[in-house]
Each structure stands twice: as C-alpha cells, then as structure tokens.
Amino acid sequence: MSDSSAIENSVAVEAHHEHPPYQRHHFESVAQQFDATNFAMWLFLLTEVMFFGGLFTAYLVMRNWYYPAFVVGSHQLSIFWGTLNTLALICSSFTMAMSVWCAQTRRKSGLVLCLTLTFVLGLVFLGIKGIEWHEKWVKHHVPGLRYSVEAFVNPASDPEVFAEYHDKPLAPDMAVKTEQYFFLYFAMTGMHALHMVIGIGILAFMIFRARAGDYTSGHVTFVENFGLYWHFVDIIWIYLFALLYLISRHQ
Amino acid sequence: MSEQTENAQHIVGPKVYVLILFALIVGTLATVGASFVEMGVWNPVVALAIATGKAMLVVLFFMHVKYSTKLTKLTIASGLFIFLGLITMTMADYISRAWGRW
Amino acid sequence: MSSTIVRLPDQSTARIPKTNFLTRENGLLSWLLTSDHKRIAMLYLVSITFFFFIGGALAGLIRLELLTPQSDLMATDTYNKVFTMHGLIMIFFFLVPSVPATIGNFLMPMMVGAKDLALPKVNLLSWYLYMIGGGLMIYTMAIGGVDTGWTFTTPLSTHYLNTHVVSAGLAVFVAGFSSILTGLNFIVTIHKMRCPGMTWFRLPLFVWSNYAASILMVLGTPVLAITLVLVILERTVHIGVFDPAYGGDPLLFQHLFWFYSHPAVYIMILPGMGVISEVVSTFSRKRVFGYTAVAFSSVAIAVFGFFVWAHHMFIMGISNYAALVFSLLTMLVAVPSAIKIFNWAFTLYKGSITFETPMLYAIGFMGLFTIGGMTGVFLGAAGTDIHLTETYFVVAHFHFVMVGGMLMAFLSGIHFWWPKMTGRMYPEKISQFAAVVTYIGFNLTFFPQFILGMLGMPRRYASYPPEFQVLNVFSTAGATVLGVGYLLPVLYLVWSLKYGAIAGNNPWQATGLEWQVQSPPLTENFPEIPIMDHEAYDYEWLELQQAKEVASVG
C-alpha cells in the first residue's frame, strides 16, 4: 500500500520530456530508438539467414549426391539473363545506399529519385525472373507439373543449349534427379522473389512518404533499416547466382 | 547514449558507394568468366570466394557494418556461425555415410 | 511450515492502487489493440491456459485408452491423432510461449528498468500470430486432425497419410513466427533498454535465461519454418525433396526438423530455469550461489544446444561417425544444466528456507528435472539409445523435464508473480495442497513409464502386451491425480482476483526492480526510469530500503 518511491529518480527532469514527434514514449531518446530498431532489423535478418539456410542445406545435399544432374540442369539457365539480373540487383543496392545518404543529408528530391530507381530496378529483376520462369514452364522443367527429362536424356533435343554446351546424355536415373535441381531452383529463387515483392511493396510506400518529406527531417530510421533488408536480399541473390547458374559452364 | 549511434557519427558518402558498385560489377563479371574456365574441384571454391567477397563489400559498406558497433558485428558473426554449423554438421553426416559402417 | 516471509499490508486499510495498467483504459479494444506488454502478457496467459486444457484433455484420452492392453476405446488411427494433437498443442501452443510470453513479457521490461519492450507493436503482432496459429490448429482438429506424431516424420507425413498435415504444418509455421518475434523483442530490449546502472551482471538471472532462450528462438525457429514449407510443398506439388523415388532423402527432413526441435526443448526449459533462480533465492533469503556460473551456463546451454540435434536420429540412418560426434556433444550439453542444479542447491545451503507455494514447485522442479536430465544422458549415449529410443523411456524422460520441470517452473512463476501482476495474493493453504497433489500425481503418472520403456513398451501404440497393464494403470491413476492438481490453480487463482488478500508492493520481501513498484504496476511501469545502484539479489540493500520505508510511514 505504501507508495514511497523506493527508487531514486534520475536527474531532475521537467514534468514532460521534450522529444521529437517520431520518438516513441517507451524510449528515452531518439538515439536509443534508432539503436534499438537498427539492432532489431539485424536480428530479423539473422532469422532470414537461417530461413534460407534450410534451403541451402537441401541444395548442398542434393548437389553433393547428384552433381552431373545439377551441371546439366544449370545449363538450362541463361547466363545472359542471370548476369543481367545480378547487375540489376547490384545497381539497386547502390541506389538504395544512395537513398540512405540522401535521407541522412536531407536531400528530398535525391531521396525520391533514388528510391524510385531502386523500385524500378527491383521490378526489372522480377520481370526478368518472370521471363526465365516462363521459359522453364514452356520447356516442362517445372517439378511436379508435367516434368520432362527429355532434354537431359537426349540433349540434342534441345538444340539451343546443346550448341553451347554439348552435354553428354545422362543415364535415366541421373536424369530424373534434375527434377531435384529444378525444385531447388524454383524454391530458392521463388522464396527470394517473394522477399523482393515484399521489398518492392514497401518501397512504393516509402516513395509516397518520401515525397511528403517524412524521411528528410531527421528521422532516417525507416530508410536505413529498410536498406538493410534490401541489401540482404541482394546478398542472397549473389549466392543464388553462384550456386544455381555458375555450377559449371565449361567443357 | 549517442556514442552508440553510428548514424550520428559517420555518414558514408557517394564516392565510397560508387567504388563499391564498380567492385561488385567487376566481381560479377569475374565470377561469370571463372565459370567458363575448367578448374576442376576449385570451380565452386572460386565461385563461393568471389560471392563471399561481394557479400562482404555489401555488408561492410552498403550496410555500414564497417562503421557499426561491436554488437552489430558480433550479431552478424553469431548468425553466420550457427548457419555454418547447420550446413557443416549436416553435410558431415552425408559425407561420412559414404565411408561405410566403421 | 510455520514460518513465512510473506509480509502483507494491513488488510483493513489496504486497497488496490486506483491507477494501474488494468484500470488505465477500459473496453475490449483497449485490450485487443494494446501495446502495453503487461496487457499482452495477460492476453497470452488466458490463451495458453485455454490451449493447455485442450492438450490436457487429449492427454486424458491417451491415458484412458492405455488403461487396457487392447485398442478398445478408440480406433488406432484416432489414437494416433490424439497423441499427435496432444504433442503439437502442448509444445507449440503451451510450453514454448509459456514463461516467455506470459511472465517474461510482463516482468522482463520491469526487471531491466524499462517502460516497455523495445517493439511494443511487434509484441502485439506476436500474440495475434499465436492466436491465428492456434485457430488453425483447432481448425485442423475440427476437420479431422493429423496423425503423424508431432514430429511430422517423413515419408509418412508426406507420402503415406491422408490426414491434414498441411493445415497442421501451417498452424505451427504461424506460431513459429510468434515465437521468433517474442525472442527478437527480448534480445533488443535486454541489450538496448537497460536503465542506467543496470550492467549485465546486475540483471536478475531470469533475464539471462530468457535472453539465452530468445537467441534460440531467433536462430532456430526459422529453420522449422522452412522445413514445414518444404513438407507442404512436398505434399501439394510433389517436388520430391524427401522422396527416395525422386532422389530425395527423408532424413534431410529430420536434420532440418531437429535442428530447430532440439533447441526448442531448451527454449522451453531455459525460461523455467530463470524462474527457479528467482524463486530459490527469494525463499532462501540468499543471493543465488555463483551468479556468473548460472548466467554463463544459460548461454552455454543455448550455444551447445545448437549442435546436438542428431541425437534424435541415432537409429534413423545417420552415419556412425555422425552418431559418435553428436553423442559426444550431447554429453557436453548436460554439463551446464547440471551446473545450475548445483548452484541452486548451494543457494539453499545455509539459507533461511520457507516453503510457500512457489518454493514447493521450485523444489519439485529441482528433483524432477534432475531425474529427467539424467535420463536424457542415458538416451544421449548412442549405445543405450538404440534400446530405449521410441519406447516409453523417452516419453517418461521428456515428460519429466517438460512437465516435472518446465510446467512446475511455470506454476512456480505464476504463483510467485501473481501478487505483482494482479495485486492479490492467492490462498496459500490450498495452493500448497495443489502443489503436493501435482507432485504426487506426476510421479505416479510418469515414473512407471521409465520402467515400461526399459521393459520394451513402444511409444505411439494404442495397444500393448498384457504384461504391461499394471504399470499403465498406475500411470493413468496418476494422471487423474495430476488433473486435479492442475485444475485447482485455475479455480483458486480466479477466485483470488476478487477475494484474495491485497498484496502490496513486495509481499515476498524480494529484491528486483519489479518489487519496488506498486502491484498491479502502472502502465508505464516506472514514473521515472530508475537508476540501478546495487547488485542483483542484494538483500542488505533491501533491508536498508525497508528501514527507510518504515521510518517514513507516520
């Protein structure tokens, strides 16, 4: 019942703290809020690392077991589109980093421009992904949906790819394993694409807010933390590109 | 408290970002080129090494980790540690199965 | 038990403080849209109690079936569904969120001297995800249930069953994100929102334990999430990743599944161990022996816990070399847990021990967790595991650590912090009675199962050879007693909300920042952020405080 404050108070403060409107009441300062939310975003990225980690594990197991199938399967992916996609995403990471700089230095029009470029490059990436996936669908290389091993048992039946790589025909039991490769291709690029879609959605929201000047008046937390997310998605793609597209393009 | 905020301390400028962008583009072209060269068992090693190099550039500069607190660096390191633990110990099982019963 | 440390305010004049987090706002929306960590904790408390009793009813059905050797109460397929749903609900919808989401959510910000968790809205989202997952699980039960066992083992779950694996998997997937967000919130709060003077080694050990559990939640649960996605894809699109006919490997599922599910058991037990540290200290009037050892052992359990998962897979087809390595690491992970038991025992030694209800549960924990933990070591040795795995020995082992351990710790914590959360004391006599009933019921239920396992009775079977019946009857009898023991707290705790004695700030004379504020606390916890100027479990400091208090009351 006693209300005696057994706790010594901190430095005598006025009845109501002065703080910017974007500082939440449970934080003592803007710096603490920025620190905490930044750390929270890094922890979230750790969860994403482990989430993709399961897929990477499956990939490693299957590649270890069925290397020939993975090599031949990877020849079905276009180096041209893959490299273009990688460059698009790298450039979008650059424009995202520039967005953060613009927000930090209060350059509103620069911020809007950079966010918009990031958005557009993201859409370019998804568009190219769509082209690639459509090609797989047309060639019956989508696992579980009328999958065909024809191109692997008889490589000459796919003249375009055969002209480039001259793959030897796979034995039927190894040819069947290409479905594992394509399953992992779709699962990993699909999961990555889902994260891209979410990121692009948030970017659209951010462009809208940036035009209103919300991020160029000292409160850059949202842009910074989203930047972390976007760069992470880029890093995942860097590894996917190396693991899915570049298994072995020689011979 | 503000000494913990990397934001207030160090704003990374466009010059650095452009440099990193070029490095990443070069890395991309290098890794594509390397995949066309027959290096036997070293192919995946080179590919992953280049990928890791690119990833490190993104992490250190685009994600500002070079200028971040020790806590941020420790957090990333611990996440990578557990990720590598998952991969290594799972693969160790698969690889050692081929060694036979004992 | 004539002595007690309870010191209540004068009941004739005592009142619940008019302004507190419960009275601050009214109406359903003020609860459903709250960002107050204490209200969210209460929402969780009601929800997990609800799911606990569903899981408990399913347990009752299991024990009823096992009264007789034949599968005569229900069809074997139904029995499979009953134990599966029992496991899924108890693990994902009771044990994993139990202490962190209720006691942790409520107390942890106060223990570190903060006004709320770092991300209050994310905290609310966490509860909604839990409810959506729970709703999906109930829906799964309603449309026919799933019978794979809670472990969703492939290829049974992906190729040989027509039950509702997808919806059950989805339910767990959603609940997993609830867990991830809670853990994330805790880690950020503990790192970034400690009050001035609150160094890491002045934190209550409850905070250390929850921190360690949160690391596991954040790093382990996503792997479960992706695993469930793969199972769902396998069932719906037939991708072949777990199907040997397509070159997949059923064991890959198990590696990924147990990579989470082993740390999951530490997610479940660590917060309970945190509660025990607090309770044992308070009711021996002594600081915890070897604070640093207990703190570091929590983190050690978390780290080692990541590298032992294949001890659930010894007989499944992993290589002998992998079995060797994982068995060795399993021996290592037992050490930090044992360290804690030693430290609590030495805390008791030469302490002024009293036996209020939280302490009864805590002492019960120490004994039962020790037995459960030791039997875990038997199972961790690959040689003995070949004989004991998939028998009732395993069932007894995990019920000893989870029910005899974790559930007792949860009840200990609920009773310990009930006065702080509600401003009311629970009735001591009946609660002590319930604790003893629970202890007796528990031993009667689960000890015979060790013997059954050693004798060879397999788990997950609706029928068994007649020579096992006597022990099964003991077990079912114990389960009835146990049910009474769990029902009583619900009844008297609800009763206490209206008729319990007014508790005042600090009925237990405990140290810790949460005991220095009113009960129930204000919405903002502290009017001003406190400054921590003493070590944890500093009973001398407490005495000085109380001397000052007495002097100021006229």
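Me: How many residues does helix 4 of chain A have, and how far does it reach from its first C-alpha to its last?
Reply: Please keep in mind that this is a predicted model. Helix 4 of chain A covers residues 108-138, which is 31 residues, and it reaches 45 Å from its first C-alpha to its last. That is close to the 45 Å expected at 1.5 Å a residue.

Me: Which residues in helix 4 of chain A are buried?
Reply: The buried residues are Leu111(A), Val112(A), Cys114(A), Leu115(A), Thr118(A), Phe119(A), Leu121(A), Gly122(A) and Phe125(A).

Me: Why would residues three or four places apart point the same way?
Reply: An α-helix has 3.6 residues a turn, so residues at that spacing point the same way. Among the buried residues of helix 4 of chain A are Leu111(A), Leu115(A) and Thr118(A).

Me: And what do the buried residues of helix 4 of chain A pack against?
Reply: They pack against two elements of chain A, namely helix 3 (79-104) and helix 8 (178-211).

Me: Which residue just after helix 4 of chain A takes a positive phi?
Reply: That residue is His140(A), with a phi of about 60°.

Me: Now the contacts. How many residues of chain C are in contact with chain A?
Reply: In chain C, 49 residues are in contact with 36 residues of chain A. Helix 7 (165-192), helix 8, helix 9 and helix 17 (539-552) of chain C each supply at least two residues of the side that touches chain A. Helix 8 of chain C gives the largest share, eight residues.

Me: How do the residues of that side of chain C, the one that touches chain A, divide?
Reply: They divide into 29 nonpolar, 13 polar and seven charged residues.

Me: What about chain C and chain B: how many residues does the contact take from each?
Reply: The contact takes 13 residues from chain C and 14 residues from chain B. On the chain C side, helix 8 (205-237), helix 9 (250-284) and helix 11 (320-348) each give two or more residues. The largest share comes from helix 11 of chain C, with three residues. The residues of this side of chain C are nine nonpolar, four polar and no charged.

Me: Last topic: how many helices and strands are there in chain B?
Reply: Chain B has four helices and zero strands. Of its 102 residues, 29% are buried.

Me: What share of the contacts in chain B join residues at least 24 apart?
Reply: The share is 53%, taken among contacts in chain B between residues at least 6 apart in sequence.

Terms used: Residues are numbered from 1 along each chain as its sequence is written. Chains are lettered from A and ligands numbered from 1 in the order in which they are written. This is a predicted model: local features need pLDDT of at least 70, side-chain atom pairs count only at pLDDT 80 or more; totals for chains, interfaces and linings use all residues. Two residues are in contact if their C-beta atoms, placed from the backbone, lie within 7 Å. Ala, Val, Leu, Ile, Met, Phe, Trp, Tyr, Cys and Pro count as nonpolar, Asp, Glu, Lys and Arg as charged, and the others, Gly among them, as polar. A residue is buried if 20 or more other C-beta atoms lie within 10 Å of its own, exposed if 12 or fewer, and partly exposed in between; C-beta atoms are placed from the backbone. The expected span of a helix is 1.5 Å times one less than its number of residues.
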